[in-house]
Amino acid sequence: MKRSLINYSIDKAHAVAESFRLCLPDFACFTAAAWRQQPLAEWQEVMDLQLGWDITDFGRGNFSATGLTLLTLRNGALHSTRYPKPYAEKMLQIQQDQHTPWHFHTHKMEDIVNRGGGELCMQFAWSTEDNQLDQQRTIEIAVDGHRRLLRPAQTLVLKPGQGVCLPRRLYHRFWAEKALVLGWEISTVNDDRQDNHFLEAGARYASVEENEPVKWLLCNEYQRLVV
């Protein structure tokens, strides 16, 4: 992804949050220049747990078609006494017709909620032992506590206000229809370094082409502050 697209996407994410009257934490509003003025020891948790902005094209090279805008708001760390928090929270912004590819999590269990905007369309399939899609096994899932039975890859449409609970090792993919979707993720501890398994080869974090100065640091770029 070009740095210009990342800068633009975070500018847009701030505007979208404002349009929903959503207030963001201080660290979400620090530009790269503002970060360099901070006493970093006071923000160690943010850096260690990768709180902050995450703009990714999943290594596909076409952000408008396959990508996601995320802001990790809180998190813990597995088996950590320093960060024992057992839960995580993310804001998701899914552009209209933008897809997130098939993936599952080994450790993380999550609720994904449509907070507003368009329709959040999702598909599911269980993982086989060799991490392929199980084309036969029925998916039993809860939408706001309402038990639903789905066929593999059957589309579930979440209207604004609806949310679905995803167990571990359940493949899922999602996209927005009719308008941008403001999504929300409430989960157990999130580990984007190791706990994402994609059906097709790609990358969790984008490879960045530095075609303009960095305005916003991504959550996996805080090391730039200490070198």
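This is a predicted model: local features need pLDDT of at least 70, side-chain atom pairs count only at pLDDT 80 or more; totals for chains, interfaces and linings use all residues.
1. As a bit of background, rolling a probe the size of a water molecule over the atoms shows where empty space is left.

2. The largest cavity has about 150 Å³ of space in it. Its lining is made up of 18 residues, and those nearest the centre are Leu68, Leu70, His103, His105 and Glu185. If you sort the lining by type, you get seven nonpolar, five polar and six charged residues.

3. Which strands supply the lining of the largest cavity? At least two residues each come from β2 (68-74), β3 (87-94), β4 (99-104), β5 (110-126) and β10 (170-188). The strand that gives the most is β10, with three residues.

4. Now for the second largest cavity, which holds about 30 Å³ of space.

5. In soluble globular proteins, nonpolar side chains tend to be buried together.

6. Trp35 is worth a click. What does Trp35 touch, once residues up to four places away in sequence are left out? The list is Phe27, Phe30, Leu40, Trp43, Val46, Leu217, Tyr222 and Leu225.

7. Along the sequence, the order runs α-α-α-β-β-β-β-β-β-β-β-β-β-β. The radius of gyration is 17 Å, close to the 17 Å that the globule rule gives for 227 residues, so the chain is as compact as a globular protein of that length. Its C-alpha atoms fill a box of roughly 55 × 40 × 35 Å along the principal axes.

8. How much of the protein chain is buried? Buried residues are 50% of the 227 in the chain. As for contacts with a separation of 6 or more, 74% of them join residues 24 or more positions apart.

9. There is a pocket to look at too. The largest pocket has a volume of about 170 Å³. It is lined by 16 residues, with Asn75, Gly76, Asn190, Asp191 and Arg193 nearest its centre. Six of the lining residues are nonpolar, five are polar and five are charged.

10. Last, zoom in on Ser187, which sits in strand β10. Is Ser187 buried or exposed? Its relative accessible area is 6%, under the 20% cut-off, so Ser187 counts as buried. Leaving out neighbours within four places in sequence, Ser187 is in contact with Pro86, Tyr87, Ala88, Lys108, Met109 and Glu110. Compare that with Glu212: Ser187 and Glu212 are 25 residues apart in sequence, and their C-alpha atoms are 35 Å apart in space.

Notes. Residues are numbered from 1 along each chain as its sequence is written. Side-chain values use heavy atoms; hydrogens and water are left out. On a 1 Å grid over the protein atoms alone, a cavity is a set of points where a 1.4 Å probe fits but cannot get out, and a pocket is an open set with protein on both sides within 12 Å along at least five of seven lines; lining residues have an atom within 4 Å of a point. Grid points are joined across faces, edges and corners, and a volume is the space filled by probe spheres set on the points. Helices (H or I, at least four residues) and strands (E, at least two) are DSSP runs, numbered from the N terminus. Ala, Val, Leu, Ile, Met, Phe, Trp, Tyr, Cys and Pro count as nonpolar, Asp, Glu, Lys and Arg as charged, and the others, Gly among them, as polar. Contact means heavy atoms within 4.5 Å. The radius of gyration is taken over C-alpha atoms; the globule rule is 2.2 Å times the number of residues to the power 0.38. Buried means under 20% relative accessible area, exposed over 50%, partly exposed in between (1.4 Å probe, protein chains only).
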